[in-house]
Amino acid sequence: MTAAILPDPEAIRAQPDEPEGNGPRRPVDSFVRPGTTSLRVGVATVWLSVIVLLPLAAIAWQAAGGGWHAFWLAVTSHAAVDSFRVTLTISLGVTVVNVVFGLLIAWILVRDDFFGKRLVDTVIDLPFALPTIVASLVMLALYGNHSPVGLHLQHTAWGVAVALAFVTLPFVVRAVQPVLLEIDRETEEAAASLGASGPKIFTSVILPSLLPSLLSGAGLAFSRAIGEFGSVVLIGGAVPGKTEVSSQWIRTLIENDDRTGAAAISIVLLLISFVLLFILRLVGARAARREESS
């Protein structure tokens, strides 16, 4: 029996990448056939239109149903302005707090080893899976009138802030964590060998690399906070001018059969989220280009 002759791996690696002839070389691992890119783009566009663009167009059409005057009256009414003030003020404060503590938690999960680390890493994602009304029930049981820890935050702005912090913290942690994992530790060691202190290394070496992801996580957290409803519905109590956020005012308008006004408030929240995310993406992209060039 003739022994099978196997190709030499070294000979295979030594073969030239360019094929015979003058034609362009196609990557060996390429399996994309001509026309599949257009098909993928078309399918993605259709799906995006059905899931995102059509609902947005429908709510914009409903908001414009009463004309510009009705839209303006809806978004500038005393109750609407109060809800915007409460929503934006608390959401901004919660976002700042989550940026600080989200970065701290991501740093601990990446750079430190401790007992229960995997458990903590799993708990971070709990607000993603937990129904928001359950989060509101938890907050009410923990910080309500019969609080076991002695903190009575029901129907207060602090209670709304705690609920929003709970549901938005994972956005910052999960945005920063993978980038922190990829940061080159050799650059930090080189800076330390040159005499740079810990805070100097963090602000000059680490933070510039984390800034795009940190801004992205902050934008997502803020956008989620200004549209949150379930987690604040019980702990907040919808006290006008104090704890009533815009999503609760929208529900009140719907219950009063003012769908045009509810759509107008929704459009304002959508515009705020879109503009903020767009600006943060631009700033983050510019910071990333600056970091690559340096």
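Good morning. I shall begin with Arg 174, which is partly exposed, with a relative accessible area of 23%. Please bear in mind that this is a predicted model.

Arg 174 forms a salt bridge with Asp 125, and their closest N and O atoms are 2.8 Å apart. This pair links distant parts of the chain, 49 residues apart: Arg 174 belongs to helix H8 (residues 157–182), while Asp 125 lies in the loop between helix H5 (117–123) and helix H6 (126–129). Asp 125 is partly exposed too, at 29%. Both residues also belong to a network of salt bridges that includes Asp 121.

In total, the structure holds six salt bridges. Another of them joins the side chains of Arg 251 and Glu 255, at 3.8 Å from N to O. These two residues are four apart in helix H11 (residues 246–255), about one turn of the helix. Arg 251 is partly exposed, with a relative accessible area of 33%, whereas Glu 255 counts as exposed at 57%. Lys 117 and Asp 113 likewise meet through their side chains in a salt bridge, at 3.4 Å from N to O.

I turn now to the aromatic rings, where the count comes to five pairs. One of these is the edge-to-face pair of Trp 107 and Phe 202, with 6.0 Å between centres and 70 degrees between planes. Trp 107 lies in helix H4 (residues 78–111) and Phe 202 in helix H10 (residues 198–226), so that this pair links parts of the chain 95 residues apart. The charged end of Arg 111 sits over the ring of Trp 107, 4.6 Å from its centre. Elsewhere, ring pairs link Trp 68, Phe 71 and Trp 72 into a cluster. Thank you.

Notes: Residues numbered from 1 in each chain as written. Predicted model: local features only at pLDDT ≥ 70, side-chain atom pairs only at ≥ 80, totals over all residues. Heavy atoms only, no water. Phe/Tyr/Trp six-rings, centres within 6.5 Å; stacked < 30°, edge-to-face > 60°. Lys NZ or Arg CZ within 6 Å of the ring centre and 35° of its normal. Salt bridge = Lys/Arg side-chain N within 4 Å of Asp/Glu carboxyl O. Buried < 20%, exposed > 50% of the residue type's maximum accessible area, 1.4 Å probe, protein only.
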